[in-house]
Amino acid sequence: MRSDCRSRLAQRIAPLVLALAAALAPVAHASASPAKGAIAWQVASSDAEVDKAFALAKQDGKPVFLYWGAVWCPPCNQVKATLFNRPDFIERSRAFVPVYVDGDKPGAQKVAARFKVSGYPTMVLFRPDGSEITRLPGEVDPQRYLLTLTSALDAQAPVKDLVERALRKQPLTAQQWRLLAFYSWETDEQQLVRTADLPKRLSELAAAVPSDLPLVRDRLAFKAANARSDADDKKPDAAALEADRRAVDRVLAAGPGSEELSDLVFYYAESMVKYLAPEGKERAALAHRWESAMDRLLAAQSVSAAVRIDALDSRIALWKFEEGDTLSVAHRNEVLRDVARIVAQATDRYERQAVIPSAAHVLTAAGLIDESDKLLKAELPRAVAPYYHMLVLAGNAKKRGDAQGALQWYEQAWKKSEGPATRLQWGSGYVGNIIELTPGDVNRVSAAAGSVISALEPKNETFFERNERTLQRMARKLTAWEGKDPARAKAVAKLRDQLARTCARLPAKQPGRANCDNVFSGAQASS
């Protein structure tokens with residue numbers, strides 16, 4: 001199962017990125033007046049509710065701040081616990097209409113298709129007329145986030161226009177350049193730049209930055225290097241690779257005042273070292289320099305427990321470049337001490353939803369799987385979304401080679417999960433893991449997949465975005481699994497018929513009907 005959380009660590013720990021009581025509680029009661037000192041969230045999980053929020057924004061002459069999240073998502077809980085509860089953010093929220101879209105609510109995936117949002121969390125600022133101003137990052141410190149939000153609110157042009165002006169070598173203000181540097185390129189969904197063009201465009205933007213904004217230049221150049229590292233279709237040429245090395249060297253060597261680059265150092269260590277340095281001494285040397293930069297930045301600023309866990313995860317990856325997959329006893333003991341200290345620092349229930357699964361992953365990555373299980377099980381009774389923790393427990397069991405134990409946790413996570421989109425994602429993940437771990441259990445595959453399909457609400461909005469992708473992945477796995485085996489073919493044929501009956505209950509001209517009809521036919525075409 002693939003996670004739709006926009007966090008490097010969250011993507012790795014999922015088997016497939018305000019205290020909530022003060023900030024999100026008003027979300028659950030949209031018709032009531034918000035409590036004093038709380039964000040006046042407008043809840044929206046349908047086009048009609050979104051249109052109502054934009055009408056309010058137009059009436060009041062305010063921008064719209066759209067937050068796309070999920071209850072279970074660790075990075076979402078982190079932003080709730082460290083940003084949305086800040087008095088300065090709550091005060092700033094008076095300047096816009098805040099809209100909360102819970103991706104697990106019925107109809108929310110159709111809203112996601114409308115605004116081209118996918119991974120959680122995504123935060124987008126719009127003009128009252130619905131035109132997009134910018135997408136805001138979720139993995140920078142709260143103070144930097146507020147500065148970026150202020151720049152976006154004060155911007156005279158949407159980021160899309162700023163990109164075009166910058167590429168035409170037209171002048172931008174320093175504030176506008178910073179808005180480009182802190183744009184959430186990871187959640188762009190090709191709104192500004194096609195994915196294939198992103199490395200080149202970011203490099204061009206970096207080259208156009210005025211000389212008196214070196215940190216802006218370095219941030220954009222680093223993002224260009226990261227985009228090239230993600231491009232699987234072709235290797236960069238020697239000149240581009242050398243330019244990327246220089247950009248990363250500048251970020252790692254940045255002195256006092258460079259804290260606005262710290263998220264790059266904390267979150268991208270493993271992927272960038274692999275990209276920039278071949279095996280051997282060069283890789284070990286870059287890993288050592290990267291760890292030194294992390295140490296310096298952690299000492300220079302106050303960071304949250306979740307950021308410290310992510311930095312520790314990166315540190316473990318760097319150690320493995322030097323030591324191999326099995327860490328030294330000294331490093332394992334250091335991980336145990338650091339995890340205990342960081343977990344103790346996370347006292348807010350919602351921050352713990354972000355920290356505990358990540359901390360458990362860190363322990364597993366360090367070879368401390370039993371300790372990882374112990375931490376997760378102790379947290380289950382008080383977790384905001386315990387079913388997410390269960391997925392990590394399932395992953396641990398799979399690492400041990402305990403197929404039945406893994407499937408028990410996957411099944412339990414599915415049955416405990418809440419919200420139609422999450423139940424669909426967790427249930428399809430369970431199906432995929434049955435196929436992977438016990439492919440001969442035809443009855444179990446049939447029963448689980450049949451339950452997932454039977455839970456689908458036959459409405460147009462059901463078959464969009466994450467729901468659609470989830471069903472297509474399950475269909476591909478089932479199609480590949482059936483092969484030429486008669487019993488499996490019979491089981492999959494029944495599942496196709498079951499889904500077809502659900503699809504037939506939708507009006508023929510609705511887009512969701514076509515999406516539903518194409519689930520299995522698309523799977524056959526790609527298999």
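Select Arg 245 to begin: at 23% relative accessibility, this residue counts as partly exposed, a class lying between buried (under 20% relative accessible area) and exposed (over 50%), computed with a 1.4 Å probe on protein chains only. The model is a predicted one, in which local features need pLDDT of at least 70 and side-chain atom pairs count only at pLDDT 80 or more, while totals for chains, interfaces and linings use all residues. Residues are numbered from 1 along each chain as its sequence is written, and side-chain values use heavy atoms, with hydrogens and water left out.

Arg 245 and Glu 242 form a salt bridge, with the closest N and O atoms 3.8 Å apart; the term denotes a side-chain nitrogen of Lys or Arg within 4 Å of a carboxyl oxygen of Asp or Glu. Both residues belong to helix α12 (residues 238–253), where three residues, about one turn of the helix, separate them. Helices (H or I, at least four residues) and strands (E, at least two) are DSSP runs numbered from the N terminus. Glu 242 is likewise partly exposed, with a relative accessible area of 36%.

Next, select Asp 104 and Arg 466, whose side chains meet in a salt bridge (3.1 Å, N to O). This pair links distant parts of the chain, 362 residues apart: Asp 104 is in the loop between β3 (97–102) and α6 (108–115), and Arg 466 is in helix α24 (residues 465–482). Asp 104 is buried because its relative accessible area is 4%, and Arg 466 is buried because its value is 2%.

Move to Asp 88 and Arg 86, which form a salt bridge with the closest N and O atoms 2.7 Å apart. Asp 88 is partly exposed at 33% relative accessibility, and Arg 86 is partly exposed at 21%. Then select Asp 47, Asp 51, Lys 110 and Arg 114 together to display a network of salt bridges. The count of salt bridges in the model comes to 32.

Now select Thr 134 in strand β5 (residues 132–136). Thr 134 counts as buried, at 1% relative accessibility. Leaving aside residues up to four places away in sequence, Thr 134 touches Met 123, Val 124, Leu 125, Ala 152, Val 159, Leu 179 and Tyr 183, contact meaning heavy atoms within 4.5 Å.

Finish with helix α11 (residues 214–230). Its 17 residues reach 24 Å from first C-alpha to last, close to the 24 Å expected at 1.5 Å a residue; the expected span is 1.5 Å times one less than the number of residues. Helix α11 is mostly covered, with 13 of its 17 residues buried.
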